[in-house]
Amino acid sequence: MQASLVRADGLQIVFRSGRATHVAAQDVTFNLAPGESVGLVGESGSGKSSIGQAIAGLLQPSAGTIDIAPSTAPWPTVQMVFQDPAAALNPRRPVRRLLAEPLEVLSRAMARTVLQGRAVDDLVVAAARAVGLRDEHLQSLPHELSGGQRQRVCIARALLMQPRVLILDEPTSALDLTVQAQILNLLSDLRREHGLTYLFISHDLAVVRHMCERVLVLQHGRVVETGASDQIFAAPAQAYTRRLTEAAQMQPAI
Ligand SMILES: Nc1ncnc2c1ncn2[C@@H]1O[C@H](COP(=O)(O)OP(=O)(O)OP(=O)(O)O)[C@@H](O)[C@H]1O
Ligand SMILES: [Mg+2]
């Protein structure tokens, strides 16, 4: 078996508000092998984003473990890209600052390898170009960009952290269909070029089929089915997965 880069074991995520508790994930176990793209699908509220946030270290699970294979980089190697790029970007900062600031914070945190002015700017320009932005976009504020361009900024910002794993939480759901296809192609190219591993969260099974070799199907916070995408979409074993695939067939294919 291939060594795993990320291993989630028995994850439980519980939200508490007052006396009420809500279990968003229950006994979720899976591996991500290096270079793999794994889809996480399920209906709204099934726990996809909560699991993604836990893997990205943005949320503490109530039980279970998340092991990420050690790397030579002393910074977090899991980055997350969100559904709504407008909400993820500070509206008052031009793209150049949005991309530079996390790098500057990181380099300050690691006193030995301080990146300064020119070095940061070179990395920012290269990352912007790598995601298909033009140099003049670096001067733009987020609202001066299209939705697709804003998502490219978010992807560039994640890439600048030199991640090994990207958690992509519905990265194209807020975009028009043609722009969706462009961003999906960009993500496929970046995965190949950088040897990235993806956890690709989506309720859109056509997109997942296109992007992922393997799929985890979530229902009410539990993994109810898992396997190769082709196999799951051709012959889903669970009635729940069948319902999801039938709903997807009613939507336009990409
Ligand atoms: N911060 C929170 N506080 C309380 N409950 C939460 C919180 N975040 C999520 N939940 C609940 O946890 C469950 C799972 O939410 P989650 O956002 O992970 O689902 P999802 O599969 O990503 O849904 P969607 O497809 O709509 O994005 C939902 O019932 C949700 O209401
Ligand atoms: Mg979600």
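The model is predicted, so local features need pLDDT of at least 70 and side-chain atom pairs count only at pLDDT 80 or more, while totals for chains, interfaces and linings use all residues. Residues are numbered from 1 along each chain as its sequence is written, chains are lettered from A and ligands numbered from 1 in the order in which they are written, and side-chain values use heavy atoms, with hydrogens and water left out.

**Surroundings of ligand 1**

- The shell around ligand 1 consists of Phe-15, His-22, Ala-24, Glu-43, Ser-44, Gly-45, Ser-46, Gly-47, Lys-48, Ser-49, Ser-50 and Glu-170 (a residue is near if one of its heavy atoms lies within 4 Å).
- By type, these shell residues are 2 nonpolar, 7 polar and 3 charged (Ala, Val, Leu, Ile, Met, Phe, Trp, Tyr, Cys and Pro count as nonpolar, Asp, Glu, Lys and Arg as charged, and the others, Gly among them, as polar).

**Polar contacts of ligand 1**

- An N or O atom in the side chain of Ser-44 is 2.5 Å from an oxygen atom of ligand 1 (a polar contact is a pair of N or O atoms within 3.5 Å).
- Gly-45 has a polar backbone atom 2.8 Å from an oxygen atom of the ligand.
- For Ser-50, a polar side-chain atom is 2.6 Å from an oxygen atom of ligand 1.
- Taken alone, ligand 1 exposes 630 Å², and the protein buries 59% of that (Shrake-Rupley method, 1.4 Å probe).
- H1 supplies the largest share of the shell, 3 residues.

**Helix packing**

- Two packed helices are described by the angle between their axes and the distance between the axes.
- Helix H5 (residues 147-160) and helix H6 (residues 177-194) have axes that come within 10 Å and cross at roughly 15° (axes are lines fitted to C-alpha atoms over the stretch in contact, and angles run from 0 to 180 degrees between N-to-C directions).
- H5 is therefore roughly parallel to H6 (angles under 35 degrees count as roughly parallel, over 145 as roughly antiparallel, 65 to 115 as roughly perpendicular and the rest as oblique).
- The axes of helix H3 (residues 95-109) and helix H4 (residues 117-130) come within 9 Å and cross at roughly 125°.
- H3 is therefore oblique to H4.

Methods. A polar contact is a pair of N or O atoms within 3.5 Å; within protein, one must be able to donate a hydrogen and the other to accept it, and residues adjacent in sequence count only if both atoms are side-chain atoms. Helices (H or I, at least four residues) and strands (E, at least two) are DSSP runs, numbered from the N terminus.
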